[in-house]
Amino acid sequence: MYFLNSIIATQYLFESNPDGVVQSHVERLAECIENGVFTEEDIQQFAKLTGDYGKLHTDAAFAAKYGFGRPVVHGILTGSLLSSIMGTTLPGAGTILMDENLTFTAPVYAGDTITASIKLVHMEEKKRWYIGEFKGTCKKSDGTLAVEGTIHQLMMKTLFTYYEN
């Protein structure tokens, strides 16, 4: 698996606080896009890691017989591209996943290039943290939507500052 990172319309500012911790300043309507390609080896490793050896994912003859042509990448593996963005780039390190609601709308196969996109759509301020609502999509190179969802992420105020435009 490889990833090509390209940030689009992210409005990030970074500054260090006295403890040397980098603070991320996330502004409304920030968006991040990341591309990924899963291999047959990724599918097998994911099956081994999770114990999900479902035949549609691991048995080429079974997948072909039942209308998929070849093994399908596990949906949650495809959706993990969204988690990757959220934990590393937008909003970034130090966030905590609160919930995610994903819908899997089309099969993804080994070798498909997937473009994952996360967009901040709402921010709620609490006493010690922010709760960000993000919309995420994973699309195949032909534009077919494979995964879409809503994700809520907790961002500690000691690490993140939010500026309303």
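Visitor: Where does a residue such as Y66 fall in this predicted model, buried, exposed or in between?
Guide: A residue counts as buried under 20% relative accessible area and as exposed over 50%, with partly exposed in between. Y66 has a relative accessible area of 48%, and because that value lies between the two cut-offs, Y66 is partly exposed.

Visitor: How are the rings of F62 and Y66 arranged, stacked, edge-to-face or tilted?
Guide: A search of the whole structure finds one aromatic pair. It is formed by F62 and Y66, whose ring centres are 4.6 Å apart and whose planes meet at 45°. Planes under 30 degrees apart would count as stacked and those over 60 as edge-to-face, so the F62 and Y66 pair is tilted.

Visitor: Which residue places its charged end over the ring of Y130?
Guide: The distance to the centre of the Y130 ring is 5.4 Å, where the cut-off for a charge over a ring is 6 Å. The residue whose charged end sits there is K157.

Visitor: What pattern do the helices and strands follow along the sequence?
Guide: The protein has four helices and nine strands.

Visitor: How many contacts does the model have for residues 25-29 beyond four places in sequence?
Guide: The protein has a mean pLDDT of 81, with 80% of its residues at 70 or more, but over residues 1-18 the pLDDT is below 50. Across residues 25-29 the pLDDT likewise stays under 50. Where pLDDT is low, the predicted coordinates should not be read in detail. With that caution, the number of such contacts for residues 25-29 is 33.

Note on methods:
Residues are numbered from 1 along each chain as its sequence is written. This is a predicted model: local features need pLDDT of at least 70, side-chain atom pairs count only at pLDDT 80 or more; totals for chains, interfaces and linings use all residues. Side-chain values use heavy atoms; hydrogens and water are left out. Rings of Phe, Tyr and Trp (its six-membered ring) pair if their centres lie within 6.5 Å; planes under 30 degrees apart count as stacked, over 60 as edge-to-face and the rest as tilted. Buried means under 20% relative accessible area, exposed over 50%, partly exposed in between (1.4 Å probe, protein chains only). A charge sits over a ring if NZ of Lys or CZ of Arg is within 6 Å of the ring centre and within 35 degrees of the ring normal. pLDDT is the predictor's confidence in each residue, from 0 to 100. Contact means heavy atoms within 4.5 Å. Helices (H or I, at least four residues) and strands (E, at least two) are DSSP runs, numbered from the N terminus.
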